[in-house]
Structures are given as structure tokens and as C-alpha cells.
Amino acid sequence: MIIDTHIHLDDKRYKEDLDDVLSRAKINGVKKFIIPGADPSTLDRAVEIAHKYDNIYFAIGVHPYDLESFEKLDFEKYVRDEKCVAIGECGLDYFRLDGSVDEKEVIKKKQKDIFIAQIELAKKYKKPLIVHIRDASVDSKKILLDNKASEVGGVLHCYNADEELLSLANNSFYFGIGGVLTFKNAKKLVNILPKIPFDKLIIETDGPYLTPTPHRGERNEPAYTLLVAQKIAELLDKDLEEIKNQTTKNALELFKLS
Ligand SMILES: [Zn+2]
Ligand SMILES: [Zn+2]
């Protein structure tokens, strides 16, 4: 079995054919799914999907691109839901900051404050974190360590394959590997993969984005995590079954799924 630990099934691009997407996933051995919180406007759709299907779970969080929604979001209401398994996506993303140096500093500060607030919620409700990091490794690592996020642990997703973050494996953090691994220009991720402890690897699509080769340009979907698992097996010189078993065990542990 494979667990897709990061799939935006609440995205409108799955609205028309969700049942087909899920049955293709099942045929390919993908049997559990976690919808990360990213866009609060589709959060209710994520909850609805998680309640309709036994094997789908959701997380609640505010993405660093969507900071305005933090104040409005009723975390307490969603976090008590039995299908809510994590807090996130939350984190820091300095990739697309606009404006002057001073304006950028203001946005960075706001991202940090809201990230820290979500770490506090994760600790309060004893849920792991789904952490989105892009071009912000040093600051993200410092925040995770300073705020004792290791109490709950979590997954680092979208982490630019930065060696800086590897040591967080010792602080209860897992590493989400997705379609990027199959890209021709994925040198950094390919190089870092063997350095990630095997018991800290988990698989994700981040669909509908980041579709693996040979489907690039199409909508991504959970069935394609099999391609990611195959690529991990090839690069680590292990059996595909071993990759599936270990990453599933890791995901079950992190998200306390049965
Ligand atoms: Zn992300
Ligand atoms: Zn995502």
C-alpha cells in the first residue's frame, strides 16, 4: 500500500471526476489520502470529502501565501473533527515576495508570526505539522527548533531539497517526496534522498501540481505516487515493496492512522 500524504482533493480540478481519480489510485495501490489545508475557501469541501470516504483525512492550516485568512479561520472548530489529522500547510515561503526590501521584511515577519501561532496550535491539540518551506530553510528551521515543534513532529514538504533541513530528522520530522524526484533537473533532490533516514521518508503527490514524468503538463493525481515510489526504489537500489512498506509505516506513525 501507498499513502498519499499530501493531495489537494478539494481543488476544483478534481470536482468532476473524484471517484475515478480515487479508483485509479486504488488500482495502483494508493489507499489512504491526506488533504492538507491550504485554501480556507475550499476547507469545507475537504471536510465533506473526508467524511464521505473512510480512507481520506484532512488537515487544517494557513499557507504562507494566504495569511489574511488566518484571523477568520475557526481552527478550534475544525481541529476537533475526528478526521482532522494534522496542522498545515503552514510555514515560510520567500520565493514570491514582492516589493521593497522593507516591504519584504514586513511580509516575512507576518509569515513567521502565523507559522509560530500554528506550531502552538499543533502542540495544544497534539497534531503533527505539515510544513511548507520554500527558499526559507534557515528561518524555518530556527522557528521549528525555538518553538519546540519536535513535541509533535511533522512532515517537511516542498523543502527545496536543502541539506540545511536534514538534521530535523532527529527532531521527529519526516520528509515528503513527490513527483519532483522524477524531473530531469531534480539533481538536488536525487542527491539528498539517500541522506534522509529511511524511517523518515513519506510519499506525496501535491496534486494537482508537480506531476511526475512522463505525465508532466497533465493534472497530477494520487495514482502517480506509484511512479514516485518506483523512482525512490531505483535511486536507493531497493525493492519497490520495501519502499511501499516503509513509507506507509512511516506515514501511519506520523499521522497516527490505523
Ligand atoms: Zn506546499
Ligand atoms: Zn500542497
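This is a predicted model: local features need pLDDT of at least 70, side-chain atom pairs count only at pLDDT 80 or more; totals for chains, interfaces and linings use all residues.

Helices (H or I, at least four residues) and strands (E, at least two) are DSSP runs, numbered from the N terminus.

Residues are numbered from 1 along each chain as its sequence is written, chains are lettered from A and ligands numbered from 1 in the order in which they are written, and side-chain values use heavy atoms, with hydrogens and water left out.

**The metal site**

Let us begin with the zinc ion (ligand 1), which is coordinated by E89 (OE), H132 (ND1) and H157 (NE2) at 2.0 to 2.1 Å. Donors here are N, O and S atoms within 2.8 Å of the metal (3.2 Å for Na, K and Ca); water is not among the atoms, so sites may look incomplete. Along the sequence, the donor residues follow the spacing E-x42-H-x24-H. A zinc ion (ligand 2) sits 3.4 Å from the zinc ion (ligand 1), and E89 coordinates both. Because E89 belongs to strand 4 (residues 84–93) and H132 to strand 5 (residues 129–134), the pair ties together parts that are 43 residues apart in sequence. Both E89 and H132 are buried, where buried means under 20% relative accessible area, exposed over 50%, and partly exposed in between (1.4 Å probe, protein chains only).

**Pocket and cavity**

On a 1 Å grid over the protein atoms alone, a cavity is a set of points where a 1.4 Å probe fits but cannot get out, while a pocket is an open set with protein on both sides within 12 Å along at least five of seven lines; lining residues have an atom within 4 Å of a point. Grid points are joined across faces, edges and corners, and a volume is the space filled by probe spheres set on the points.

| Space | Volume | Lining | Nearest its centre |
|---|---|---|---|
| Largest pocket | about 1,000 Å³ | 38 residues | H132, H157, C158, D206 and L210 |
| Largest cavity | about 50 Å³ | 13 residues | P36, G37, A38, L43 and A59 |

Helix 6 (187–192) is among the elements that each supply at least two residues of the pocket lining, and its three residues are the largest share. The structure holds one cavity of 30 Å³ or more. Helix 2 (43–52) and strand 3 (56–60) each give at least two residues to the lining of the largest cavity.

**Helix 1**

Which residues of helix 1 (residues 18–27) are buried? They are L18, V21, L22 and A25. These cover an arc of only 95° around the axis, so they lie on the same side of helix 1; the arc is that of the directions from the helix axis to the C-beta atoms. The buried residues of helix 1 pack against strand 2 (30–35), helix 2 and strand 3, with contact meaning heavy atoms within 4.5 Å.

**Backbone details**

Cis peptide bonds join G207 to P208, with omega about 10°, and T213 to P214, also with omega about 10°. P208 is found in the loop between strand 8 (201–203) and helix 7 (225–236), and P214 lies in the loop between strand 8 and helix 7 as well. K126, not a glycine, has a positive phi of about 55°, and K126 is exposed at a relative accessible area of 64%.
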